Amino acid sequence: MANSTTDKTKTAPAESISVMSVLAPAVGWLIPGAGHLIQRRWIRGLLLFASIVTLFLLGLAMQGRIYRANGGDILDMLGFVGDLGAGGLYILTTVNDWGQGAIAFATADYGTKFMIVAGLLNFISIADAYHIAIGKKQ
Amino acid sequence: MGTVSITLNHFSAATVFALFASIVFGITHRETTREMVKYGLYCFAMFLGGALVAGWAMWLLRR
């Protein structure tokens, strides 16, 4: 069988491990949207920052509860993972002992979910910042 | 943050959630500005519309 000169198999381009591909996700975790800002995606970064931070702060203001790594039941652990996604906001909240509400009413329950979702949205934002850093996205 | 307290009704909470989640989804799931805006609006409609549909479905089940 002759070698095909029209063989069009392509190998995927290797991901370049650059400083930015590590820095952008790290900074983006710490400050929502910052991973985009340091890559000069100003509008995207600011919108991500505003959305995630507002959602988190609204959750706190609604007397939502922040989860900690205390090894509770599986839902508590999932809540902790979600909250951890908010990065610097989570650190700020735990250091100041905020978010210790008892979720005694519906609004507080929504607040708790708002904070978890803010963290999860930041995980998505971090992934997007990484893709921009490795050139997979403009 | 003991001094600041906000109370949102169910619909307001759903709208706020849908708004910010849609903004993030639009930005992170599409490439061009136009596509981002379009997808963000689509997500917003799905989030809010889905909540309304689910609410009415639960009402029907409850009946």
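This is a predicted model: local features need pLDDT of at least 70, side-chain atom pairs count only at pLDDT 80 or more; totals for chains, interfaces and linings use all residues.
Local features need pLDDT of at least 70 and side-chain atom pairs count only at pLDDT 80 or more, while totals for chains, interfaces and linings use all residues. Residues are numbered from 1 along each chain as its sequence is written, and chains are lettered from A in the order in which they are written.

**View 1. Chain A is helical.** Chain A has six helices and zero strands. Helices (H or I, at least four residues) and strands (E, at least two) are DSSP runs, numbered from the N terminus. Along the sequence, the pattern reads α-α-α-α-α-α. Of its 138 residues, 43% are buried, that is, with 20 or more other C-beta atoms within 10 Å of their own, C-beta atoms being placed from the backbone. Contacts are residue pairs with C-beta atoms, placed from the backbone, within 7 Å. Among chain A contacts between residues at least 6 apart in sequence, 72% join residues at least 24 apart.

**View 2. Helix H1 of chain A.** This helix covers residues 19-30, twelve in number. From first C-alpha to last, H1(A) reaches 17 Å, close to the 16 Å expected at 1.5 Å a residue; the expected span is 1.5 Å times one less than the number of residues. Its buried residues are Ala24(A), Pro25(A), Val27(A), Gly28(A) and Trp29(A). They pack against helix H2 (34-37) and H6 of chain A.

**View 3. Chain B is spread out.** Chain B holds two helices and zero strands. Its radius of gyration, taken over C-alpha atoms, is 15 Å, well over the 11 Å that the globule rule gives for 63 residues, so chain B is more spread out than a compact globule. The rule is 2.2 Å times the number of residues to the power 0.38. The C-alpha trace spans about 45 × 40 × 10 Å along its principal axes. Buried residues make up 21% of the chain B total of 63.

**View 4. Where the chains touch.** Chain A supplies 23 residues to the contact and chain B 16. On the chain B side, twelve are nonpolar, three polar and one charged. Here Ala, Val, Leu, Ile, Met, Phe, Trp, Tyr, Cys and Pro count as nonpolar, Asp, Glu, Lys and Arg as charged, and the others, Gly among them, as polar.

**View 5. The largest nonpolar core.** A nonpolar core is a set of buried Ala, Val, Leu, Ile, Met, Phe, Trp, Tyr and Cys residues joined through C-beta atoms within 7 Å. The largest has 30 residues. Those touching the most other members include Phe114(A), Val117(A) and Val24(B). H1(B) gives the most to this core, with eight residues. Not counting residues up to four places away in sequence, Val117(A) touches Leu55(A), Phe17(B) and Ala21(B).

Definitions and conventions. Two residues are in contact if their C-beta atoms, placed from the backbone, lie within 7 Å. A residue is buried if 20 or more other C-beta atoms lie within 10 Å of its own, exposed if 12 or fewer, and partly exposed in between; C-beta atoms are placed from the backbone.
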